[in-house]
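Reader: I'm new to this one. Could you walk me through how to read the place where two chains meet?

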Amino acid sequence: MAVVRWKPGFFGWHRDPFSEMNRLRREMDRIFGDYAGGRGIAPAAGVFPPLNISEDDSNLYVRAELPGVDPNDIEMTTKENNLILKGERKIAPEGEKVSYHRRERDAGKFRRIISLPTLVDADKVTAVCKNGVLTVTLPKAVEAKPRQVTVKAE
Amino acid sequence: MADKDLQVREKQELQSEAEYTRPGLVFNPTVDIFESEEEITVLADMPGVASDGVTIDLHNNELKISGEVEKQGFEKERYLLREYDIGGFHRHFTISDRIDQSKISASMKDGVLRLILPKAEKAKPKRIEVKAG
């Protein structure tokens, strides 16, 4: 390897070569993390149901796929900064006369607690269950909403 | 059974020999299939599929079930946690019995498809009378 005297600005590097290497490593992590099969999916917490949590400026959204769960069998409570999701999936017996070819669907109870990343307005939380997908909308508390700050010239 | 806690099961992505031309993920729905003397019933978990998003195709004893999902969420949302993927559903089965195609019925409730396939009445033995000519 040839020894090249380091000059600022040489090869387009402006700070130091290590920052460029770090940037490259981060870039690789990003590419492989996102596209190599993982698709950015977080390792499951091992608790039913798996959740997708997202946010926009005014709300937090918690979603879960709960096919075959009667919305009346879902119980939700918010306590401080936690959301507790409890419920039961019931599968009615089909009677003695039938015989099974496949039986892959499970019945049972679930309970999961999620710590929310921001404060929410607990009185205005709404939940909808549509086609077996539960969506909980949690409006952010006033303190947690983004606010624009104007910089005054003096 | 009732006291059992539900375990997390990862959604199984469809491994198909046919290539999909449409973008998006496709999963295998979990199913229960049982039969009685009169009919075969298929229950399939397809969360996010509305009743008009289901396609059922029965051809030459091959039953195909597909479901298209509606988009979950709005454009402006940012993900904080993703533990499951969203995608359509597809699965196919071979049905051994003869099915009366005209009486097939299907319904969707809370993301579960219930498909009832009534068995065709077996060809009853007919007595042929021989007339004296």
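Reader: How many residues of chain B are in contact with chain A?

Author: Keep in mind that this is a predicted model. Here, 36 residues of chain B are in contact with 44 residues of chain A.

Reader: Which elements give two or more residues to the side of chain B that touches chain A?

Author: Look for four strands of chain B: strand 3 (31-35), strand 4 (39-45), strand 5 (49-59) and strand 7 (78-82). Sorted by class, that side of chain B has 17 nonpolar, 12 charged and 7 polar residues.

Reader: And how do I read strands that pair?

Author: The general idea is that strands of a sheet pair through backbone hydrogen bonds, either parallel or antiparallel. In this model, strand 3 of chain B pairs with strand 5 (residues 99-103) of chain A in the antiparallel sense, over 4 bridges. To find the spot, go to Tyr100(A), which stands opposite Phe34(B).

Reader: What joins strand 7 of chain B to strand 1 (residues 51-55) of chain A?

Author: 4 bridges do, and these two strands run antiparallel. On this pair, Arg78(B) is the bridge partner of Glu55(A).

Reader: What is the strand order in the open sheet of 5 strands?

Author: Read across, the order is 7(A)-8(A)-2(A)-1(A)-7(B), with antiparallel pairing. Strand 7 (126-130) of chain A and strand 7 of chain B are the edge strands, each pairing on one side only. From one strand to the next, the twist averages 20°.

Definitions and conventions:
Residues numbered from 1 in each chain as written. Chains lettered and ligands numbered in written order. Predicted model: local features only at pLDDT ≥ 70, side-chain atom pairs only at ≥ 80, totals over all residues. Contact = placed C-beta atoms within 7 Å. Nonpolar A, V, L, I, M, F, W, Y, C, P; charged D, E, K, R; others polar. Pairing = 2+ DSSP bridges. Axes fitted to C-alpha atoms, helices over the stretch in contact; angles between N-to-C directions.
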